Amino acid sequence: MLEITNLVKRYGHNEAVLKGLDLKVEDNSVVSIVGASGAGKSTMLRCINRLVEPTSGSIKLNGTELVNVKGAELRRARRKIGMVFQGFNLLDRLTVMENVLAGRLGYVNLYQAISRRYPQADIERAFTLMERVGIAHYANKRADELSGGERQRVGVVRALMQEPDLLLADEPTASLDPRTSEQIMILLQSLASELSLPVLINIHNVAQAKTYTERIVGLRHGKMIFDGVPADFNKDALDAIYGGIEAPDDAITEQPDARVEEPRHDAV
Amino acid sequence: MVDHAQQLADRVWHRYDRKERLIRYAVLLGTLMLVFWAVRDIDIFWPWVWDAPNQMSNLGARMWPPSAAGLSNILNALLETVHIATLATFLTIFLALPVAYIAAQNTTPNRACLWLGRFILVSSRSVNTIIWALLFVAIFGPGVLAGILAIVFRSIGFIGKLMGEAIEEIDRRPVEAMEATGASKAKVVAYAIVPQVMPAFFAIVILRWDINIRESTVLGLVGAGGIGVILQGAIDTFAWPTVATILIAIIILVLIGEAITSLLRSKVL
C-alpha cells in the first residue's frame, strides 16, 4: 500500500508545485492521475522514487518511509518501485535483453552487471515477461531498432524485472500512436491484475483514463481536486481540472497528438 | 499603375550602409598595417630569401638519389616511432578517462573535482609535445621513455577534453531510468553512459593515434627517440641522401597511418 501524506515540493523559491498532497493507493489498484501540464503529476510520481527530492511530507510504501532514506537504503527502496517513462528511456545502443536485465541492476553486483553474467533465474524471468508482452524474439536486437510500441513494452518489462511493489508510469502512451497507446494501456491494466501490482499512471488522455483504470485522481496547481471512480468523472470534474487553462483540447480529445512537456525537473 | 512602377524602379538596396562600409575598410587597413609591421619587425635577411631557389636546387641535387644504405636502420627507427605512438595512446586512455569523468559537468562528483579536471586538461593542452619532450628528456635522459611520456602528457588533454564533451552531450533520460531501478552510481555509468560515448571514444582514440604517429616523428629532434633521432644525426653529418630517404620514409609512414585510421574510423562510425 502506498500512502502519501501532506507532500510538498517547491523548486527553489518559486511557488510550490505540490501543495500538501494526500493520496492512499491500496494494493493491486490501477490509478490514473490526470491534470493539465504543470499541475504536478510528473513531480508527484518522481517524488515517490525520489528522482525528485520532496520538500516535505511523507511517502510510505508498505509501511516504509521513503522521504528520508539515503544511499544504499534509497537504492534498495527504488528497486521495489518500477517506472515506465514517456520517452521509454531505453539504452538505445544495447540489446533488448540487456535493457530488460537492466531492471535487475539493483539486485546484482557490479561485476555481474558489467560482464552481463546475470543469474539464470533473472534470465528466465526476462524471457517469461518478454514472451508475455510479445517481444521475446527481439532479445538480441538493438533497442533502437524497435518501433515505439515495442520499445515501450521493453520499458514495461524492464520495470517489471525489478519485482516491484509499485509501478509508476509517467505518460507511458503520450509518445505513441492511438492504437499502440491503447495496447499499452490494456497491457498495463492486465499486468497489474496478473501480478496484483498497484499502478500509478500519469495520463493526458481522459478517455483512456476512464476506460482502463479503476480510479481517477485529478490534480490542479499541485492540489488534488478530484478522487473517484471513472463513472463519477463528469463534465464538472473535467472543467475543474482543465477549465480556464490554455490548450486543454488535446487533453480531452480521444488522442493527444501533441506531447505537452511538463516543466523540466533538474533532479540531482 | 505608372506611379507604382516608378516607385519600384526607384527603390535602391545596399548590402552595407555607409557606416558599415567605413568599418570594413578600416578593418582591412588595420590588418594590412599589422602585416606590414610584422614583416618589418622580424628582420628578414632578404638576400637569403632571393637566394632560396638556388639553395633549393642545390640541396635537391645533393639529396638525389636517396641513399638506401641505412635502410634497415631507418625501418627499425620507424617501427620504434609507431611503437611510441601506440604505447603512448594506450597509456593515455587510462589516464584521460578518469580526467574526462571528473571534468564533465554532469558526472563530476563536486566543484573541486570539476576544476581540477579542467586544470589538468588545460595545462596538458597548452604545452606542446616538443616542450613536454624537452622536459622529460631533462628528467629521464634522452630515449624512448621521454618520448612516450611527452606524447602521453599532450594526449591526456586532447582525449580528456573530447571525451568530457562526449559525456556532457549524452541523453540524460537513460540515466534517469537506471537511477530509478536502484542501480548504484557505477552501474548507472556502465549502462547509461558508457554505451552512449563508445562511438565517440573509438573515433577520438583512433584520431589521436594518427596524430601521435606524426608527433613522434619529430620527438627525436630533442632526443626523445624515434625516427627523428637518425634524421637529426643525418642532418648534422650532412648525409643528404640519407635525409632524403628518411623524409620519404616518414611520408610513407604517415600515409599508411592515415589509411589505417580512416579504415578503422569507417568501421566504428
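Biologist: In what order do the elements of chain B run from the N terminus on?
Modeller: They run α-α-α-α-α-α-α-α-α-α-α. This is a predicted model, and its scores are ipTM 0.86 and pTM 0.81.

Biologist: How many helices and strands does the secondary structure of chain B come to?
Modeller: Chain B comes to 11 helices and 0 strands. Chain A, by contrast, has 10 helices and 10 strands.

Biologist: What makes chain A as compact as a globular protein of its length?
Modeller: Its radius of gyration is 18 Å, and the globule rule gives 18 Å for 268 residues, so chain A is as compact as a globular protein of that length. Along the principal axes, its C-alpha atoms fill a box of roughly 55 × 40 × 30 Å.

Biologist: What radius of gyration does chain B have, and what would a compact globule of 269 residues have?
Modeller: Chain B has 27 Å, whereas a compact globule of 269 residues would be near 18 Å. The box filled by the C-alpha atoms of chain B is roughly 85 × 70 × 35 Å.

Biologist: What share of the residues counts as buried in chain A, and what share in chain B?
Modeller: In chain A 47% of the 268 residues count as buried. In chain B the share is 35% of 269 residues.

Biologist: Where does A:Pro164 lie, and between which elements?
Modeller: A:Pro164 is in the loop between α6 (148-161) and β7 (166-170) of chain A.

Biologist: With which residues is A:Pro164 in contact, leaving aside its neighbours within four places in sequence?
Modeller: The contacts of A:Pro164 are A:Lys80, A:Ile81, A:Gly82, A:Ala159 and A:Leu197. A:Leu195 is 31 residues away from A:Pro164 in sequence, and the C-alpha to C-alpha distance between these two is 9.7 Å.

Biologist: How do you know whether the faces of strand β6 of chain A are covered?
Modeller: In β6 (residues 81-84), A:Ile81 and A:Met83 on one side are buried, and so are A:Gly82 and A:Val84 on the other; both faces are covered. β6(A) also pairs with β7(A) in the parallel sense over 4 bridges.

Biologist: Which strands form the open sheet of 4 strands in chain A, and in what order?
Modeller: The order is β2-β1-β4-β5, with antiparallel pairing.

Biologist: What makes β2 and β5 of chain A stand at the edges?
Modeller: β2 (18-25) and β5 (64-65) each have a single partner strand, so one side of each is left without a neighbour in the sheet.

Biologist: How do you know that strand β4 of chain A pairs with β5(A)?
Modeller: A pair needs at least two bridges. Strand β4 (residues 56-61) is joined to β5(A) by 2 bridges and runs antiparallel to it, so the count meets that cut-off. One bridge partner in β5(A) is A:Thr64, which goes with A:Leu61.

Biologist: How many residues of chain B are in contact with chain A?
Modeller: 19 residues of chain B are in contact with 22 residues of chain A. On the side of chain B that touches chain A, two or more residues each come from α8 (173-180) and α9 (185-216) of chain B. α9(B) gives the most, with 8 residues. By class, that side has 11 nonpolar, 4 polar and 4 charged residues.

Biologist: Which residues of chain B does UniProt place in the feature "transmembrane region"?
Modeller: An unreviewed UniProt entry places the feature at residues 22-39, 82-104, 130-153, 188-209, 216-235 and 241-264. In the model, residues 188-209 are 100% helix and 0% strand, with end C-alpha atoms 29 Å apart. Residues 216-235 are 50% helix and 0% strand, and there the ends are 18 Å apart.

Biologist: Which residues of chain B does the annotation "domain: ABC transmembrane type-1" cover?
Modeller: That annotation, from an unreviewed UniProt entry, covers residues 78-261. The span is 82% helix and 0% strand.

Biologist: Where in chain B is confidence lowest, and where highest?
Modeller: Helix α1 (residues 2-10) has the lowest, with a mean of 63, and α8(B) has the highest, at 96. The mean pLDDT of chain B is 91, and 96% of its residues reach 70 or more.

How values were computed
Residues numbered from 1 in each chain as written. Chains lettered and ligands numbered in written order. Predicted model: local features only at pLDDT ≥ 70, side-chain atom pairs only at ≥ 80, totals over all residues. UniProt positions renumbered as here; feature names shortened; annotations may be inferred. Rg over C-alpha atoms; globule rule 2.2 N^0.38 Å. Buried ≥ 20, exposed ≤ 12 C-beta atoms within 10 Å, placed from the backbone. Contact = placed C-beta atoms within 7 Å. Nonpolar A, V, L, I, M, F, W, Y, C, P; charged D, E, K, R; others polar. pLDDT = per-residue confidence, 0-100.
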